[in-house]
Amino acid sequence: MTTVKAYAAQNADSPLAPFSLDRRSPETDDVEIEILYCGVCHSDIHTARNEWQGTMYPVVPGHEIVGRVTKTGSGVTKFKAGDIVGVGCFVDSCRTCSNCQDGLEQYCENGHSQTYNSYLQDRKTITYGGYSTHIVVTQDFVLRVSEDLPLENVAPLLCAGITTYSPLRHWGVTKGHRVGVVGLGGLGHMAVKLAVAMGAEVTMLSRSPNKKDDAERLGAHHFALTTDKEGVKKLANQFDFIIDTVSAEHDYNVYLSMLKTNGVMVLLGVPPVPAQVPAANLIFGRKSLVGSLVGGIRETQEMLDFCAEHNIVSDVELISIDQINEAFDRTIDGDVRYRFVIDMKSLKEQEN
């Protein structure tokens, strides 16, 4: 075991603060990673503050990890010391169920092991995430990262990137499709970049008129203000796909009216209350309202390679670890464009 420095929440009301934890020494198939950068996801906040219930304290969040391999187990063939790698939202799965066999580990029928606030497959070892100096992960759940991209901007691809890439890829978005993106935040700005790179004609759908310039800078072809009732009426039957990234309560029916016949609306956000969707709004037009999680390991690697090929990264604000509580508050307030990323060098410097 190796003791490493981290930041953890001790309970739902406490700020994150310095914490020490033990990482296992690399076993046969393990990769030890020095964490260079870790993105700050809204899921980290929900978990640290027990807003989804079930948080196991102390909790060390962080599942958008980019780092350098420092050591490998004797059976590791995919990586070597010095490689730049990534770790996303989960670090293992049963590997035997039908979903795992199909490369859909995120939907593991026996429960995948999330990167933090979860259990390893032994069902007793608690996982601790990327707000730490090092992590040890089995090689099959480690991803190769291109060094041609700025690594701090790559980190959010491990969650925000794959969360938006997976549905675009699964439903076959390509040239000629018209895609609406609801919400310009950490997920929304990645959805715009990825859909544009796939050849789609992209419209940003937002309640905030001040998002227009940024939407265009990110590559959106059009901007529509969803508080403009007359403008919304003109968008009826316009989109093949709508990617809804919003976690706040909102009316899905407004956006379903914008879908063409056979259109698909994909939910990525998790609002706090159930939605009311009349069956007729789906039946008339044979429309689909679906959800999507992140992607499996194979698809996540595909996403990273796609982003490297198309020079796609997340827009980030780099922070030091001692700014993490302020970053949580600013994330809740929507005061970030579009993802905070922790420079983990700042945590290592606290060791000295």
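These legends accompany a set of close-up views of one predicted model. The model is predicted, so local features are given at pLDDT of at least 70 and side-chain atom pairs at pLDDT 80 or more, while totals for chains, interfaces and linings use all residues. Residues are numbered from 1 along each chain as its sequence is written, and side-chain values use heavy atoms, with hydrogens and water left out.

**View 1. Ser292 sits in the loop between strand 15 (288-291) and helix 10 (297-310).** Helices (H or I, at least four residues) and strands (E, at least two) are DSSP runs, numbered from the N terminus. Is Ser292 buried or exposed? Ser292 counts as buried, at 16% relative accessibility; buried means under 20% relative accessible area, exposed over 50% and partly exposed in between, with a 1.4 Å probe and protein chains only. Apart from neighbours within four places in sequence, Ser292 touches Tyr107, Ser166, Pro167, Val266, Leu267 and Leu268, where contact means heavy atoms within 4.5 Å.

**View 2. Helix 10 and its packing partners.** The end C-alpha atoms of helix 10 are 20 Å apart, which agrees with the 20 Å that its 14 residues should span at 1.5 Å a residue; the expected span is 1.5 Å times one less than the number of residues. Buried positions in helix 10 are Ile297, Glu299, Thr300, Gln301, Met303, Leu304, Phe306 and Cys307. The buried residues of the helix pack against strand 6 (90-92), strand 9 (143-144), helix 3 (151-154), helix 4 (160-170) and helix 5 (186-197).

**View 3. The largest cavity and its lining.** On a 1 Å grid over the protein atoms alone, a cavity is a set of points where a 1.4 Å probe fits but cannot get out, and a pocket is an open set with protein on both sides within 12 Å along at least five of seven lines; lining residues have an atom within 4 Å of a point. Grid points are joined across faces, edges and corners, and a volume is the space filled by probe spheres set on the points. How many cavities of 30 Å³ or more are there? The count is one, and the largest cavity holds about 60 Å³ of space. Its lining is made of Gly88, Cys89, Phe90, Leu143, Leu158, Ile162, Val294, Gly295, Ile297 and Thr300. Seven of these are nonpolar, three polar and none charged; Ala, Val, Leu, Ile, Met, Phe, Trp, Tyr, Cys and Pro count as nonpolar, Asp, Glu, Lys and Arg as charged, and the others, Gly among them, as polar.

**View 4. The second largest pocket, with a volume of about 370 Å³.** Of its 19 lining residues, Arg24, Leu120, Thr125, Thr127 and Val136 lie nearest the centre. Strand 8 (134-138) is among the elements that each supply at least two lining residues, together with strand 2 (17-23) and strand 6. The largest share, four residues, comes from strand 8. By type, the lining has eight nonpolar, five polar and six charged residues.

**View 5. Aromatic pairs, of which the whole structure has three.** Phe19 and Tyr128 form a tilted pair, 6.5 Å centre to centre with 45° between the planes. Rings of Phe, Tyr and Trp (its six-membered ring) pair if their centres lie within 6.5 Å; planes under 30 degrees apart count as stacked, over 60 as edge-to-face and the rest as tilted. Phe19 is buried at 18% relative accessibility. Tyr165 and Phe306 form a tilted pair too, because their centres are 5.7 Å apart and their planes at 55°. Tyr165 lies in helix 4 and Phe306 in helix 10, so this pair ties together parts that are 141 residues apart in sequence.
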